[in-house]
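Subject: Structure handover

Hello,

Here is the structure for you to look at. Please open it first, then read the notes below.

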Amino acid sequence: MNASNTTEHIRLWHNEFWLLALSEFLLSMAVYMLLPTMPTWLTGSQNLSAMESGLVMGAFGLGLFVLGFLVSYLVQHYRRNIVCMLAIAAVAALLTLLYYLDSLRYQFVEFPVLLLIRFAMGAAFGLSQMVLCSTLIIDTCESPKRTAANFAMGWFGRLALGLGPLAGLLLHRYADYSIVYLVAACCAAASLMLLLLVDFPFRTPDDDVSVFCLDRFFLPHGTVLFMNLLLITIAFGLLLSLQLSIRFYVMMVCGLVVALSCWRLVFREAELKAEVVSGLILFGAGVIMMLTRSTLPIVSYAAPLFFGLGMGLIGSRFLLFFIKLSRHCQRGTSQSTFMLGWESGIAIGIGMGLACFNGSSKMLLTASLVLVVCALIAYHFSHNWFMENKNR
């Protein structure tokens with residue numbers, strides 16, 4: 001296939017697929033609602049330093065990896081949907097714990113406790129994503145429809161990246177931090193309830209699966225693409241560490257919607273390079289506008305629109321790159337690898353932005369721009385490497 005176009009079949013959108021897609025959307029919303037609100041809660045209500053706040057936010061990105069080596073063993077020895085539901089329940093429980101700590105405890109929470117909660121949330125979210133998007137979706141779709149299903153699920157997650165922070169900021173403006181945690185916990189619980197409505201067929205487990213392995217976790221063959229994606233998402237995470245307005249996220253959502261439209265209307269038969277190169281140029285243009293023309297009213301609309309458009313194009317293309325790079329029976333592993341590069345980069349970028357720049361937006365934007373330029377240069381080589389090594 002030449003472009004990011006995978007033919008969508010009407011029958012893909014059956015009831016079970018809708019339930020799984022909405023479950024993914026709500027779970028992502030629950031986690032993303034904390035991106036703009038938790039840092040201010042940490043530095044304000046919890047009186048943490050900028051360095052400590054950055055470490056807490058970045059711990060989520062490290063937690064994503066901690067259970068990856070066990071995923072294949074868990075889904076083979078236990079019901080895979082049960083593993084996913086337990087992981088989502090853990091996310092909901094940790095969000096409820098944050099609600100309790102903020103609204104009922106009335107005292108500062110120790111830094112190590114917050115670090116552990118955020119790390120555990122990353123571990124639970126990572127496990128749930130590896131099973132939900134890499135295994136359960138594949139189980140409910142016929143073979144010819146799986147790429148389209150993976151592509152659609154990716155867009156549900158990307159839209160949540162814009163709508164989640166927007167919902168968090170709105171709740172914080174009209175209520176308080178504890179309500180943000182409570183609503184996020186309810187979103188995770190709703191995600192769990194939707195998953196309970198799906199009937200998954202029993203599969204006979206393999207007896208020769210190692211306890212620790214890379215299957216369903218990380219695709220070593222995709223390391224070059226993974227590192228390139230990580231550069232981009234860290235640059236994006238740096239931006240999200242700034243105190244951004246509700247307008248910013250509204251326009252970013254608009255950019256994501258435009259990106260989905262562009263995929264259908266503009267890039268359907270374009271060169272493979274077109275989406276990522278265009279996305280990085282748009283990303284860089286947005287950063288330059290914020291660096292040099294931040295006082296102009298148009299920038300507060302155009303820059304976040306460019307970020308949403310750029311990240312939407314980049315995310316959809318890289319996801320399909322990972323799928324095409326995977327060998328036989330590695331589709332789930334390729335999905336997990338993409339998820340790790342996307343989620344960990346954003347979390348690490350936010351952590352670095354808080355810990356290293358401490359409110360200096362000019363230095364932070366400069367660092368983000370440097371990473372985007374490095375990613376664009378690296379993509380020239382990684383794209384050529386991909387063309388020589390793809391398997392689909």
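A helix axis here is a line fitted to C-alpha atoms over the stretch in contact, and angles run from 0 to 180 degrees between N-to-C directions. Helices (H or I, at least four residues) and strands (E, at least two) are DSSP runs, numbered from the N terminus.

Two notes on the source. This is a predicted model, where local features need pLDDT of at least 70, side-chain atom pairs count only at pLDDT 80 or more, and totals for chains, interfaces and linings use all residues. Residues are numbered from 1 along each chain as its sequence is written, and side-chain values use heavy atoms, with hydrogens and water left out.

**The whole chain**

The chain has 14 helices and zero strands. Its radius of gyration, taken over C-alpha atoms, is 20 Å. Along the principal axes, the C-alpha atoms fill a box of roughly 50 × 45 × 35 Å. Of the 392 residues, 58% count as buried (under 20% relative accessible area; exposed is over 50%, partly exposed in between; 1.4 Å probe, protein chains only). Contact means heavy atoms within 4.5 Å. Among contacts with a separation of 6 or more, 88% join residues 24 or more positions apart.

**H7 and H13**

Take helix H7 (residues 146–174) and helix H13 (residues 331–357). Their axes come within 12 Å and cross at roughly 15°. H7 and H13 are therefore roughly parallel (angles under 35 degrees; over 145 is roughly antiparallel, 65 to 115 roughly perpendicular, the rest oblique). H7 brings Arg146, Thr147, Asn150, Arg158 and Leu161 to the contact, and H13 brings Arg331, Gln335, Phe338, Trp342 and Ile346. By class, these are four nonpolar, three polar and three charged residues. Ala, Val, Leu, Ile, Met, Phe, Trp, Tyr, Cys and Pro count as nonpolar, Asp, Glu, Lys and Arg as charged, and the others, Gly among them, as polar.

**H1 and H6**

Now helix H1 (residues 15–32) and helix H6 (residues 111–139). Their axes come within 11 Å and cross at roughly 160°. H1 and H6 are therefore roughly antiparallel. Their crossing is left-handed. Residues in the contact include Phe17 and Leu20 of H1, and Phe125 and Leu132 of H6. The contact has nine nonpolar, four polar and one charged residues.

**Single residues**

Serine 191 lies in helix H8 (residues 177–196). It is buried, because its relative accessibility is 0%. Beyond its neighbours within four places in sequence, serine 191 is in contact with Ser23, Leu26, Leu27 and Ile88.

Leucine 101 is in helix H5 (residues 80–103). At 7% relative accessibility, leucine 101 is buried. Leucine 101 and serine 178 are 77 residues apart in sequence, but 8.6 Å apart in space, C-alpha to C-alpha.

Two loop residues follow. Glutamine 46 sits between helix H2 (34–43) and helix H3 (50–66). It is buried, at 6% relative accessibility. Arginine 293 sits between helix H11 (272–292) and helix H12 (299–325). Arginine 293 is partly exposed, at 48%. Leaving aside neighbours within four places in sequence, arginine 293 is in contact with Ile288 and Val299.

Best wishes

Definitions and conventions: Left-handed = near helix turned anticlockwise from the far one by under 90°. Rg over C-alpha atoms; globule rule 2.2 N^0.38 Å.
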